[in-house]
Every structure is written in structure tokens, then in C-alpha cells.
Amino acid sequence: MNQTRPATPADIPVLIEFWHERALLQQARLADDARERWTRAALGWLENPDVTLLVGLNDQQQVVGYIVGQVQPAPPGTLPEWQGVISEISIDAHHYHQGVGRRLVDAARDWFRSRDIEHFIVHVSQRSAVEQAFWRGLGAVKWMEILWLK
């Protein structure tokens, strides 16, 4: 059975590979030092009480994915005053890991609830039909559009 746990600094080299592959699949423009920047950010998340970085493990206790959850202020004047945000989720795309994505989301949801956050938003690329289908399968619905101007 797949499990989850909080990430440690020792997990970062594996997580950076999942992040990098996901970024390439989403056709993100990456800085020359993108891996180093992400590594610094991830190490910061491990120290930030308003961020959770969780890893998913397969039956052999190998890290096969991760999720990043953050508590952020909601827009001023709206309730609840704080909201949860899933800013990243990535799972090893080379093998099937039954249920690890759902377990990561459940673990993030439990972390949010421990902070009295009952709902959360998810950042999903329009280029990622698979991710969109995953979240819709968990009951997520479209809430807002984020538009980008150059």
C-alpha cells in the first residue's frame, strides 16, 4: 500500500527530477539554473510552517511523487480569511503507482484541516489534460480563470 510522509532534505534530489520532468511536459520556460532555484525553494518550504511538502512512497518505500500545500491569506474582506493552495503535485510518470496521487491529496487535506482550512484551490495548467482530469475526478470544479498577458 502506498504511504505518505513529510519530505526531508534527503528527498530533494528525487523530487527535483519529478519537478523538472513535469515542467518540461507543461512546456514551461526554465531558467538555466532552474533546478538550483527549485531546490532552494523546496528547502525553504521544509522550514516554513505555512507550507507542507509531502512525499508519496511505493510499497518498497521509494519516493514516487510529491505535493506542495500552502496556507495563504484569502482576498481582503472575504471569508474564510485563509485559504489552502496546492501549488504543485508531481508523480513519477514512468510507472503506475496506484492511488499515490489520491493519498498525497488526502494527506495535504489533513494538513489543511489541522490548520482549520476546509477548502483549497489547485493550480493546474491548461496544457495538462491529465492533471485536470485527476482533479475533476476528486471533485474539483472550475472556479476562476487566470489570464496571462505578455
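Modeller: Happy to. The buried residues of α1 pack against α2, β2, β3, β4 and α4 (129-137). Contact here means heavy atoms within 4.5 Å. This is a predicted model, where local features need pLDDT of at least 70 and side-chain atom pairs count only at pLDDT 80 or more, while totals for chains, interfaces and linings use all residues. Residues are numbered from 1 along each chain as its sequence is written, and side-chain values use heavy atoms, with hydrogens and water left out.

Colleague: What makes a run of residues a helix or a strand, and how do you know that the span of α1 agrees with its 14 residues?

Modeller: Helices (H or I, at least four residues) and strands (E, at least two) are DSSP runs, numbered from the N terminus. The expected span of a helix is 1.5 Å times one less than its number of residues. For the 14 residues of α1 that gives 20 Å, and the end C-alpha atoms are 20 Å apart, so the two agree.

Colleague: Which residues of α1 are called buried?

Modeller: Buried means under 20% relative accessible area, exposed means over 50%, and partly exposed is in between (1.4 Å probe, protein chains only). In α1, Ile12, Leu15, Ile16, Phe18, Trp19, His20, Arg22 and Ala23 are buried. Strand β3 (residues 63-73) is mostly covered too, with nine of its 11 residues buried.

Colleague: Why are Glu17 and Arg35 called a salt bridge?

Modeller: The term asks for a side-chain nitrogen of Lys or Arg within 4 Å of a carboxyl oxygen of Asp or Glu. Glu17 and Arg35 have N to O at 2.6 Å, so the pair meets the definition. Glu17 is partly exposed at 41% relative accessibility, and Arg35 is partly exposed at 29%.

Colleague: How many salt bridges does the structure hold, and what makes Glu118 and Arg113 one of them?

Modeller: There are eight salt bridges. The closest N and O atoms of Glu118 and Arg113 are 3.8 Å apart, so this pair also passes the cut-off. Glu118 is exposed, with a relative accessible area of 60%, whereas Arg113 is partly exposed at 41%. Lys142 and Glu145 form another salt bridge, at 2.5 Å. Lys142 counts as exposed at 57% relative accessibility, and Glu145 as partly exposed at 46%.

Colleague: How do you know that β2 and β3 pair?

Modeller: Two strands pair if DSSP finds at least two bridges between them. Strand β2 (residues 51-57) and β3 have seven bridges, in the antiparallel sense, so they count as paired. Leu53 has Val68 in β3 as its bridge partner. Between these strands the hairpin has five residues, and there Gln61 takes a positive phi near 65°. On to the next pairing: β3 and strand β4 (residues 82-91) run antiparallel and are joined by nine bridges. Gly65 stands opposite Ile91 in β4. The loop between β3 and β4 holds Pro80, and the peptide bond from Leu79 to Pro80 is cis, with omega near -5°.

Colleague: What makes a set of residues a nonpolar core?

Modeller: The set consists of buried Ala, Val, Leu, Ile, Met, Phe, Trp, Tyr and Cys residues joined through side-chain atoms within 4.5 Å. The largest core has 18 residues, of which Leu15, Trp19, Trp38, Trp45, Leu53, Val55 and Tyr66 touch the most other members. α1, α2, β2 and β3 each supply at least two residues of this core, and α1 gives the most, with six. A second, separate core of 16 residues includes Val64, Leu104, Ile117 and Phe120.
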